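Here's a quick tour of a protein model, taken one neighbourhood at a time. Have the sequence and the coordinates open as you read.

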Amino acid sequence: MFFDFSSAFNTIQPRLLGDKLQLAGVDHHLTSWILDYLTHRPQFVRVQGFKSVRLFCSTGAPQGTVLAPFLFTLYTAGFSYNTPSCHLQKFSDDSAVVVGLITDGDDREYRGLIQDFADWCLRNNLQINAGKTKELVVDFRMA
């Protein structure tokens, strides 16, 4: 199963990230600096000399920065799974892959992992893009 997140970097919640950084043992001062960087950021649009009203953003990580993929990786580090028959691999480019080996038609572990991952995404404000999420089934049985 290939999962694609909708606007992954934009959905990072600084409060949740701060908790995750603390749990990972990141220095309090560095955590405060990162949260300050992510909250109350002024944004505006400029087109042909005209400038929009300035708005302040307190979610997400600015795309195009070196820090955004790193922060997203830390943000999603809390969910991992690896057994001989199922494995979850996350990528900093806003996607995740679940690989499962289903034997004798027993797909409970695989389906359970997918459900657990979807539930975890909801709790962490990560939206799965259903249009880009795909499941590939390879059947090795002899015909």
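Predicted model: local features only at pLDDT ≥ 70, side-chain atom pairs only at ≥ 80, totals over all residues.

## Ground rules and a first residue

Let's call a residue buried when its relative accessible area is under 20%, exposed when that value is over 50%, and partly exposed in between, using a 1.4 Å probe and protein chains only.

Residues are numbered from 1 along each chain as its sequence is written, and side-chain values use heavy atoms, with hydrogens and water left out.

Back to Thr11. Helices (H or I, at least four residues) and strands (E, at least two) are DSSP runs numbered from the N terminus, and on that scheme Thr11 falls in the loop between strand S1 (2-6) and H1. Contact here means heavy atoms within 4.5 Å. Once neighbours within four places in sequence are set aside, Thr11 touches Ser6, Gly60, Tyr75, Asn125 and Leu126.

## Helix H1 and its lysine

Which residues of H1 are buried? They are Pro14, Leu16, Leu17, Gly18, Lys20 and Leu21. This buried set packs against helix H2 (28-38), H3 and H4. Just after H1, Gly25 has a positive phi of about 85°.

For charges, Lys and Arg count as positive and Asp and Glu as negative, with His and the chain ends not counted. A salt bridge is a side-chain nitrogen of Lys or Arg within 4 Å of a carboxyl oxygen of Asp or Glu. Lys20 is buried yet has no salt bridge, and the nearest side chain of opposite charge, Asp19, is 8.2 Å away. What Lys20 does have is a ring: it lies over the face of Tyr75, 5.2 Å from the ring centre. Beyond its neighbours within four places in sequence, Lys20 is in contact with Leu74, Tyr75, Trp120 and Asn124.

The rule for a charge over a ring is NZ of Lys or CZ of Arg within 6 Å of the ring centre and within 35 degrees of the ring normal. Lys51 does this as well, with its charged end over the ring of Phe44, 4.9 Å from the centre.

## Aromatic rings

Rings of Phe, Tyr and Trp (its six-membered ring) pair up if their centres lie within 6.5 Å; planes under 30 degrees apart are stacked, over 60 edge-to-face, and the rest tilted. The whole structure has 8 aromatic pairs. Take Phe79 and Phe117: their centres are 5.3 Å apart and their planes are at 65°, so this pair is edge-to-face. Phe79 is in the loop between helix H3 (67-76) and strand S6 (86-91), and Phe117 is in helix H4 (residues 108-123), so the pair ties together parts 38 residues apart in sequence.

Phe79 and Phe117 are both buried. They also belong to one aromatic cluster, made up of Phe3, Phe5, Phe9, Phe72, Phe79, Phe117 and Trp120.

How many salt bridges turn up in the whole structure? The search finds 4. One joins Asp106 to Arg108, at 2.9 Å from N to O. Asp106 is partly exposed because its relative accessibility is 37%, whereas Arg108, at 65%, is exposed.

Arg111 bridges to Asp107, with the closest N and O atoms 3.3 Å apart. Asp107 is partly exposed, at 27% relative accessible area. Arg111 also bridges to Glu135, where the closest N and O atoms are 3.0 Å apart. Since Arg111 lies in helix H4 and Glu135 in the segment after strand S8 (127-128), that pair ties together parts 24 residues apart in sequence. Through shared partners, salt bridges join Asp107, Arg111 and Glu135 into one network.

## Cysteines

A disulfide is a pair of cysteine sulfur atoms within 2.5 Å, and by this rule the count is 0. Cys86 is in no disulfide, and the nearest cysteine sulfur, that of Cys121, is 16 Å away. Cys121 is likewise in no disulfide. Cys86 is buried at 2% relative accessibility, and Cys121 is buried at 1%.
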